[in-house]
Amino acid sequence: MTAALTVSLDVDGPAAPPRSNGELVFAEPWESRAFGLAMTLNEAGAFEWEEFRQRLIVRIADWETSHEPGECFSYYRCWLDALEQVVVAREFVTAGAVQERAAELAARPAGWDHGHDHGDHGHGHDHGDHDH
Amino acid sequence: MTRVPIALRTEALEQLLVERGLVDPKVMDGFIKMYETDVGPLNGAKVVAKAWTDPEYKARLLENGTAAVAELGFRGPQGEHIVVVENTPDVHNVVVCTLCSCYPWPLLGLPPAWYKDPAYRARVVKEPRTVLAEMGLQLADDVQIQVWDSSSEVRYFVLPERPAGTEGFTEEQLAPLVTRDTMAGVARVMA
């Protein structure tokens, strides 16, 4: 849907961009990544949006019936769960691979993202091929 | 099983999909930037301002929302079937998506937190007058409230009432008055 990419607006001027109407679009960076992943996969034809939406509806309904008292609703958590279900169902990745990679990322030493002169060494684990 | 922080789970998924060539990071960054900065309620505001000043455009907008907003260049994901509902002194329209968060992205950008909130989605259908009052919009008892449930088939968009005192205003002067909330039907346009 490249047509959408042609939709652009004055970034300044009397009618200011969307933020003049309210809050930030994404509360945390991972939310924007989760959003972007779904958009990009769908745009590339990897899945039908409706397929994703149906899973999102189910995830939201599940949360509503089963969450802990006092737990705050996180829309993008449901979004990510639904997305993961779609990509696993489509066999793009396995749930185990996501867990394993997430555990590797969790094991990064503190301060791993501070300073950019470290290259790839010193992490004690292999992220695989990042040549993209 | 230990529970991995969601930010890491997202990062892991992104890495794997990129490594497998399923996600192009540049395309992905483009989408994020587009919805963070370019596509937002200003699009909808331009549509409203034009409808207020051009009766023929307004007629087209109410007849076929998708085609009329495309005239202004607004199209794209989640904007495939837009239906415009007009507020009048007697009828107030408000939009919800009871199942998830269907919303006319090309006109309003991504939905705000309150629109996605389970309480809003459940309550605005059952007690719209109370919910609107809580959100700061008091409607007289004789104003009829119509609640529109968006879906993947239809995205509703509210054409709010033009406020008094703006008779001589141009489109460019009117558009900044039109906020996101007025186009979802939870606020009134103020001059």
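## Chain A

Contact here means heavy atoms within 4.5 Å. In this predicted model, residues 24 or more positions apart account for 54% of the contacts in chain A that have a separation of 6 or more.

Chain A holds five helices and zero strands, and its pattern along the sequence reads α-α-α-α-α. Of the 132 residues in chain A, 39% are buried.

## Interface between chains A and B

The size of an interface is often given as the accessible area lost when the parts come together. For chain B and chain A the buried area is about 5800 Å², and carbon and sulfur atoms carry 67% of it. Chain B contributes 61 residues to the contact and chain A contributes 60 residues.

Seven salt bridges are counted between the two chains. One of them pairs Glu84(A) with Arg9(B), with 2.6 Å between the closest N and O atoms. The count of residue pairs in polar contact between chain B and chain A, both at pLDDT 80 or more, is 12. On the side of chain B that touches chain A, the elements giving two or more residues are helices H1 (6-19), H2 (25-38), H3 (41-53), H7 (113-116) and H8 (118-126) of chain B. H1(B) supplies the largest share of that side, 14 residues. By residue class, the side of chain B that touches chain A has 33 nonpolar, 12 polar and 16 charged residues.

## Helix H2 of chain B

H2(B) has 14 residues, so at 1.5 Å a residue the helix should span 20 Å; the C-alpha atoms at its ends are 19 Å apart, in agreement with that value.

At the start of H2(B), the backbone nitrogen of Lys26(B) has a side-chain oxygen of Asp24(B) within 2.9 Å. The buried residues in H2(B) are Met28(B), Phe31(B), Ile32(B), Met34(B), Tyr35(B) and Asp38(B).

## Asn93 of chain B

Asn93(B) is part of strand S2 of chain B, residues 91-96. Its relative accessible area is 3%, and buried means under 20%, so Asn93(B) is buried.

Which polar atoms does the side chain of Asn93(B) meet? A polar atom of this side chain lies 2.9 Å from the backbone oxygen of Glu86(B). The side chain of Asn93(B) also makes a polar contact of 2.7 Å with the side chain of Trp148(B). With neighbours within four places in sequence left aside, the residues in contact with Asn93(B) are Val85(B), Glu86(B), Asn87(B), Gln146(B), Trp148(B), Val158(B), Ala184(B) and Gly185(B).

Note on methods
Residues are numbered from 1 along each chain as its sequence is written. Chains are lettered from A and ligands numbered from 1 in the order in which they are written. This is a predicted model: local features need pLDDT of at least 70, side-chain atom pairs count only at pLDDT 80 or more; totals for chains, interfaces and linings use all residues. Side-chain values use heavy atoms; hydrogens and water are left out. Buried area is the accessible area (1.4 Å probe) that two parts lose on being put together, summed over both. A salt bridge is a side-chain nitrogen of Lys or Arg within 4 Å of a carboxyl oxygen of Asp or Glu. A polar contact is a pair of N or O atoms within 3.5 Å; within protein, one must be able to donate a hydrogen and the other to accept it, and residues adjacent in sequence count only if both atoms are side-chain atoms. Helices (H or I, at least four residues) and strands (E, at least two) are DSSP runs, numbered from the N terminus. Ala, Val, Leu, Ile, Met, Phe, Trp, Tyr, Cys and Pro count as nonpolar, Asp, Glu, Lys and Arg as charged, and the others, Gly among them, as polar. The expected span of a helix is 1.5 Å times one less than its number of residues. Buried means under 20% relative accessible area, exposed over 50%, partly exposed in between (1.4 Å probe, protein chains only).
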